[in-house]
Amino acid sequence: MKMKGSQAFVKCLEEQGVEVIFGFPGGAVIDLYDELLNADKLTHVLVRHEQAAVHAADAYGRVKGEVGVALVTSGPGATNTVTGIASAYCDSIPMVVFTGQVPTMLIGNDAFQEVDIVGITRPVTKHNYLVKKPEDLIPTIREAFHLARSGRPGPVLVDLPKDVIGAMVSYTEPKPIKMRTYKPTYEPHPGQIEKACKTILKARKPVLYVGGGVINANASQAVTELAKKLDIPVTMTLMGLGGFPGTDQLSMGMLGMHGTYYANMAVANCDLLIAVGARFDDRVTGRIDAFAPNAKVIHVDIDPSSISKNVRVDIPIVADCLHAVTAMNTWFDGSKEFTKKAAKEQHKEWHKQIKEWKNRHPLGYVEESDIIKPQFVVQKLHELTKGDAIITTEVGQNQMWAAQFYHFNKPRHFMTSGGLGVMGYGFPAAIGAQMAAPKQTVIDIAGDGSIQMNIQELATARQYKCPVKIAILNNNYLGMVRQWQELFYDKKYAHTTLDVAPDFVKLAEAYGAVGLRATKPSEVEPVIKEALKTKNTVIMDFVISREEGVYPMVPAGKATTEMLLV
Amino acid sequence: MKHTISVLLQNKPGVLSRVTGLFSGRGFNIDSLSVAETLEKDVSCLTLVTHGDEAIIEQITKQLHKLIDVIKVTDMAEHDHVEREMAIIRVKAESNTRAEVLRVIDIFRGKVVDVSPKSYVVEVTGSKTKVQAIIDILRPIGIQEIVRTGAIAITRGKKF
C-alpha cells in the first residue's frame, strides 16, 4: 500500500501499540504533526519543553511496561531531548525518540535547525538511526521499537529528515524482526542455575539484592516467591524499590549511600549476595573493596557487560530476571535437598543479627512539634494514600526521603531518575505516569530547587487535565549539595541558597492549578487530604526544617559500613 | 597486556564512531586501528590493538558485543594467529648510501616501490617488532617520511 512517509509513521506507531506520545512541533516535523490530526488511536500530549516530553515518555513507559514515545523537531528540539534520553539510558527504560531532521540534501550544510543528533546521542542511546531513504523508514521504526523493548531495554533515537517523511513509501504488514547481530539471551544456563541454587542452599547469611531489572522484567512476584521460600532478607536499589514489598518483614529497604543501616550492615556481613537485575553502581557499593567482602556473589543480569564490571562475580547468570528467578524457584521446588523449614532454621541466627541492627539504628528522624520534617510529610503521604500512589521524584534530598519513607509495595509505582540523577525529572514524569494510569493518584515528591527546572509543565498538566499532586519539600536550599557542604566543606554554602524563590501557591494559581501551603506539622495532613480530593493539578508547598539532612549517609568513597547516622 | 581484537561489523555509516566513541567514553585505550571490507560487502573487519588488565579486556569485548552493529568479537590472544603491520618509508638514498639501503631492505624482505635520484620508497610488512627494527636501522641513514598501518590479524587454520 503506497502512502506518505508521515502517514506510514503514524500507522507504524499504531501497529506498535502506541497510544500516547509526548512531543513538541517544529518546522522539520510539521508533516508528522499534520498527519497526527488524522490518527484516531493516538493521543499527542503537547509539552512545554522537549526535555519534559522525554521524561514523560519515560514514566509513561515505566508505568505501563511499554515503550514510551517522544516526538520533537530538529536542532534545538532534538538537543533538548538529550538529558531525558541519557536518563532513560542509565535507567534502562524502553523508549523511542523521534527527532525531525533537515532534508537529506541539506544534511552537513549547517542548515537552519540542523544538528547531528545521531552523533550527539550515540553514547546515551541503546542504538540510533538516521533514516536516509524513504524505503528504510518503516523497517527502521519497527526495528527501533524492537530494540527499545527487548533485551536490556533502553532508549532508541530515530532521526527523520523532512524529505523522507514527505516521500511516498509502500506500507507492508509487520513481520517478526530478525537481526543478524542482536540476539539477547533470555533463558538462563541450567548448569548455572543449579550451581547458584546449590550455593544458596549452603549459605548461612544470604542477602537478596534487587535492582531495576526485576521491575523491567516483571519479575517481582518471582523474586518475592524466592525470598519467602528460602527466608532470605531483601534489599533494593533505588531503581529496585517496589520490586519486593517494602513493608514485608524480609525487606531491609534500600541499600547504599542513603540506604538503611541494617541493609548496609547485612551486605557487608553476608556470606552470599544474590544480585538480581542490579548493576553494582558506586552509590550502592561505596568503597568497592569493602563491599560484601566475605560474600560469594551470584549475579543475574540480561546484559553480560554488567557482570563483573565493578564487582567480581562468582556465579554469573546471563538471562532475563523473570526466567532466571523462575528457574531457581522451580529448581528448589523439585529439589530433595531443600525444605522451607531447614532454610528457615539455617538463617535463624542471621535474621536475629539483622533484627539487632534494625533495633540499634532504625530508619528515623528527630520529630519536632513546631516545624515540619520532610520525612514526616513523606510518611503522611504514604499513610493517606495507603501506600498505593504512584510516586515520582526530583533529584536530591526529596528523592532520598521518598525512597526511604514511602515504603513501596508494588512494582511500577516509583519513578525516579536513578542513574543520571536529573533534577526536573519528577514533574513531567508525573504527567507521563498520570497519562498511563488516569485513575491512580500520582504524586511528585519535589524540592523547591528541582521543581523549578521543569515548572513550565504546569501548563501541560492543566491542558490534559492531569490531576497530579506536587509535594514540594521546601527548604529554600539546594538541599543535598548544602548537606555535603555542611558535612565536608565547613558549612560554606556556596550558591546553594535560593534567595529569590517564587510563591508556589500563587504560581500554581497563575496556571489555573491549586496551591496549598503548610508551615506547621499540624497542617500537613489537612493539606494532603485537601490535595487528594482535588480533581485539579495541585502544588503542596511544605515549608520544612531548613537544614534537615538525609541519613544514614555513606560519605563518597567510604565503605558502606562507615555511615553517618541521625 | 597488549591484545589484538578482531571485530566484524555491519558496514553502515557511523559504525566506526560507535566503536571509537565506546573506547573514548569508557576510557579504554586504542593503540592502533585498521578497518576494511571483508568478502561480504556489507561486513567490515576492524582490527584493534589495545592494552589493559584481564578485567578491562573482558569489559572491552563485552561492550563491543553490546553494540548493535557488531557481529563478532574475537580476542586474538585466545587463538593461534598471524598478525602483520605494514610501513611505507621514504628513505634518503644518495650515491654513497644507496647500496646500504638496498642491503637492509633485502635483509628485512622489504621492497623498493619507488625510486628517485635522492630517495627510495620502501615497503615492509611484518610483526610490529620487525617493522620497528627496520625503522631503527634506517633512521641513521635518513628517513624522510613514514606511514604505518595498524595491525591486522587472522586466526591460523585448524591443525587437524
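User: Which residue stands opposite A:Ile21 in S3(A)?

Analyst: Happy to start there! In this predicted model, the residue facing A:Ile21 is A:His44. Strand S2 of chain A, residues 20-23, runs parallel to S3(A), and four bridges join the two.

User: How do I read the sheet, and in what order do its strands stand?

Analyst: Here is the general idea first. Strands of a sheet pair through backbone hydrogen bonds, in either a parallel or an antiparallel way. In chain A, six strands make an open sheet with parallel pairing, and their order is S3-S2-S4-S5-S7-S6. Strands S3 (43-46) and S6 (127-130) of chain A are at the edges with a single partner strand each, so one side of each has no neighbour in the sheet. On average, neighbouring strands of this sheet are turned by 20° against each other, direction ignored.

User: Which strands does helix H3 of chain A lie across?

Analyst: Helix H3 (residues 50-64) of chain A lies across S2, S4 (68-72) and S5 (95-101), and runs at about 165° to S4(A).

User: Now the two chains: how many residues are in contact?

Analyst: 16 residues of chain A touch 15 residues of chain B. Together the chains bury about 1,400 Å², with 47% of it on carbon and sulfur atoms. A:Arg122, A:Arg180 and A:Thr181 provide 41% of the area chain A buries against chain B, more than any other three residues.

User: How many salt bridges are there between chain A and chain B?

Analyst: There are two. One salt bridge links the side chains of A:Arg180 and B:Glu40, at 3.2 Å from N to O. On the side of chain A that touches chain B, five residues are nonpolar, five polar and six charged.

Terms used. Residues numbered from 1 in each chain as written. Chains lettered and ligands numbered in written order. Predicted model: local features only at pLDDT ≥ 70, side-chain atom pairs only at ≥ 80, totals over all residues. Heavy atoms only, no water. Pairing = 2+ DSSP bridges. Axes fitted to C-alpha atoms, helices over the stretch in contact; angles between N-to-C directions. Contact = heavy atoms within 4.5 Å. Buried area = accessible area lost by both parts, 1.4 Å probe. Salt bridge = Lys/Arg side-chain N within 4 Å of Asp/Glu carboxyl O. Nonpolar A, V, L, I, M, F, W, Y, C, P; charged D, E, K, R; others polar.
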